Amino acid sequence: THPPGTQFALLLFETPVTCPLNSIVIGSRFDTDIHSNTCRLAFQGRLLDPVERGAKETLQKLRVFKTKTRQGTIDRVVDDNTVIGRSLFKKETDITLFVGMKIETPSGNVGRIESAFGKSGKFKVYFPGGGLTGASGPLLLRFKRYVFDPTKKIIQS
């Protein structure tokens, strides 16, 4: 186990590097002027686990992810708890893959995608906290996509 706040990095090099386990790894920036008054140290840490090039199963276990945000807009308000959204999905997108996912408004209201609405990529969002009368503006869908996952699943936490 590692202390809270520990961060991990996957370093991929063009050529193999020989380095024993638990070695200290230091990364520095050589693209800055050596005469400038800035720190060129980028990171430091320990080598925990070597990864052979092309070891897809090992890379999948690492669970490296990218955070993504998609933005749509409120098309209209149905009632105090429900809105119809648009511009988040393309017409041909299977919205059932996104049903149950959390959607946020910039003001902090959190709702869930309930269903598709029509066939043009619109969708229905339910906000249990209500207070959406007269609401307009963006709807944000935040999720993680694991880089080495061959299925390209979308995950929310």
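Rings of Phe, Tyr and Trp (its six-membered ring) count as a pair if their centres lie within 6.5 Å; planes under 30 degrees apart are stacked, over 60 edge-to-face, and the rest tilted. In this predicted model, local features need pLDDT of at least 70 and side-chain atom pairs count only at pLDDT 80 or more, while totals for chains, interfaces and linings use all residues. Residues are numbered from 1 along each chain as its sequence is written, and side-chain values use heavy atoms, with hydrogens and water left out.

F89, F98 and F123 form one aromatic cluster. Both F89 and F98 are buried, where buried means under 20% relative accessible area, exposed over 50%, and partly exposed in between (1.4 Å probe, protein chains only).

The largest nonpolar core has 16 residues, and those with the most contacts inside it include F89, I103 and F123. A nonpolar core is a set of buried Ala, Val, Leu, Ile, Met, Phe, Trp, Tyr and Cys residues joined through side-chain atoms within 4.5 Å. Two or more residues of this core come from each of β7 (122–126) and β8 (138–146); strands (E, at least two residues) and helices (H or I, at least four) are DSSP runs, numbered from the N terminus. The largest share, three residues, is that of β8.

By the ring rule there are three aromatic pairs. One of them, F65 with Y146, is edge-to-face, at 5.9 Å centre to centre and 75 degrees between the planes. The pair links distant parts of the chain, since F65 lies in strand β3 (residues 65–77) and Y146 in strand β8, 81 residues apart. F65 is partly exposed at 38% relative accessibility, whereas Y146 is buried at 12%.
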